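Here's a quick briefing on how a protein chain holds its ligands. Have a look at the model first, then go through the notes by topic.

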Amino acid sequence: MGTATIPHIVCAVVFAHIGVGLASLSTVVWSDPGDGLAGTKHDFSTLGGMPQFGLCTACHTPHNAQIQSLLWNHTLSANTFSWSDPQTVGGTDYPNFTGAAYNGATAKCLSCHDGSVAIGDVGWWNGGGPVSVLNTKLSGAFQIASATGDMNGNHPVAMPFPWNGVASTYNGSTTGASALVSGWQADPDALGLRLFTDDGVGNITSGATLGQTGFECSSCHDPHNGSGVQDRFFLRGVLGGSSADYICVKCHAK
Ligand code: HEC
Ligand code: HEC
Ligand code: HEC
Ligand code: HEC
């Protein structure tokens, strides 16, 4: 009798976790902005409500990475990302880039946040792989691109930034001549944001270089909730108000 009920109870528990996996992720948040990764929505050490793997493994692995850049462990999106409403800002063309080939951090974020790949679709852990523990895909407000890679409605990203007032070429796009006059901070890095350099042959590295600077999702967000995070949503600035820490004026001098 007892042995017959045990599998049933286990099944019910597993089923409940699959059913409310995302709901339970949203309720376990106990870490404040800037207090580190543990306990945030990016803490997947209890993916789906159950112990699965380590704090870093959903995203990085020391061996058998999907791509050397950032030792990435989460299955990358096969999408090509672009904005379906054609846009140029002051002559700067919006980029398009492929999830599995672009080295910038944005492609890593979109490996979960385009809703095309399961959150638990992770390559390697505990000497084996693949590990697939939570088959839910991101949806709703947290799905930033469409599942086919349309970025419409989003602030440009993986784009050049005119660092120190000089046009940049980054991810195949060059700052347009009239973009410079509209006013950007000379050095958002010094204000706590994170800029990147494109060496022109596909390598994206942290830090600004004159003429080769751009920004990624992680310019505004720190996915690790590190000490530079000032507000919710892992923001490297504050979400409200009009102070110098307001996220938008850390780049735009308005
Ligand atoms: C939710 C996914 C995610 C998790 C979990 C995660 N990272 Fe990252 N990590 C990223 C992304 C995306 C980047 C690139 C963003 C950037 O460079 O700012 C990155 C960048 C890094 C870098 C290089 C840039 C830097 O900030 O130094 C290191 C090192 C790193 N992560 C280590 C870790 C370690 C160690 C853990 C676990 C304690 C961890 N990460 C957990 C997504 C993650
Ligand atoms: C392994 C999958 C994965 C990766 C990679 C990932 N995220 Fe997330 N992210 C999630 C999940 C899951 C949530 C929580 C969704 C929910 O609560 O419904 C989340 C939540 C967030 C939130 C909201 C946090 C909050 O406290 O409300 C932000 C902002 C965010 N992610 C940005 C990023 C950025 C930027 C990157 C890349 C630098 C990134 N994510 C990489 C899976 C991921
Ligand atoms: C220019 C700064 C900036 C960039 C770049 C940026 N974000 Fe955000 N993000 C924000 C701000 C500000 C919010 C808070 C929006 C609000 O709710 O008012 C936010 C909110 C979010 C949220 C929470 C849900 C929501 O829509 O409010 C997620 C998830 C997220 N960003 C992911 C990403 C990903 C993935 C990328 C790259 C594709 C990205 N962000 C690029 C500034 C940025
Ligand atoms: C990391 C730096 C950075 C941050 C932070 C930032 N922006 Fe931007 N923003 C840019 C750059 C760079 C461009 C495009 C530059 C170009 O045209 O060459 C841009 C473009 C824009 C555009 C023009 C879009 C279009 O297609 O016409 C608007 C509007 C805008 N940003 C608003 C905001 C708002 C609102 C915030 C705060 C939520 C914000 N930005 C935060 C760097 C940033």
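Domain bounds here come from an automatic or database domain assignment. With those bounds, the shell around ligand 4 takes at least three residues from each of domain 1 (2-142) and domain 2 (159-250). Keep in mind that this is a predicted model: local features need pLDDT of at least 70, side-chain atom pairs count only at pLDDT 80 or more, and totals for chains, interfaces and linings use all residues. Residues are numbered from 1 along each chain as its sequence is written, chains are lettered from A and ligands numbered from 1 in the order in which they are written, and side-chain values use heavy atoms, with hydrogens and water left out.

**Ligand 4**

- Ligand 4 is surrounded by 18 residues, and the closest are Tyr94, His155, Cys248, Cys251 and His252; a residue is near a molecule if one of its heavy atoms lies within 4 Å of it.
- Sorted by class, that shell has 13 nonpolar, 5 polar and no charged residues. Nonpolar covers Ala, Val, Leu, Ile, Met, Phe, Trp, Tyr, Cys and Pro, charged covers Asp, Glu, Lys and Arg, and the others, Gly among them, are polar.
- His155 puts a polar side-chain atom 2.8 Å from a nitrogen atom of ligand 4.

**Ligand 2**

- Around ligand 2 there are 19 residues, with His42, Cys109, Cys112, His113 and Phe233 the closest.
- By class, these are 12 nonpolar, 5 polar and 2 charged residues.
- Domain 1 (2-142) and domain 2 (159-250) both give residues to this shell, so ligand 2 lies between them.
- Helix H3 (residues 105-113) supplies the largest share of the shell, 4 residues. Helices (H or I, at least four residues) and strands (E, at least two) are DSSP runs, numbered from the N terminus.
- Lys41 has a polar side-chain atom 3.5 Å from an oxygen atom of ligand 2.

**The iron atoms**

- Donors are N, O and S atoms within 2.8 Å of the metal (3.2 Å for Na, K and Ca); water is not among the atoms, so sites may look incomplete.
- For ligand 1, the iron atom has His60 (NE2) and His224 (NE2) as protein donors, lying 2.0 Å from it.
- His60 lies in the loop between H2 and S1 and His224 in the segment after helix H4 (217-220), so this pair ties together parts that are 164 residues apart in sequence.

- His42 is partly exposed at 24% relative accessibility; buried means under 20% relative accessible area, exposed over 50%, and partly exposed in between (1.4 Å probe, protein chains only).
- His60 is partly exposed at 28%, and His224 is partly exposed at 42%.
- Asn225, in the segment after H4, is buried at 2% relative accessibility.
- A polar side-chain atom of Asn225 lies 3.0 Å from the backbone oxygen of Asp32.

Conventions. A polar contact is a pair of N or O atoms within 3.5 Å; within protein, one must be able to donate a hydrogen and the other to accept it, and residues adjacent in sequence count only if both atoms are side-chain atoms.
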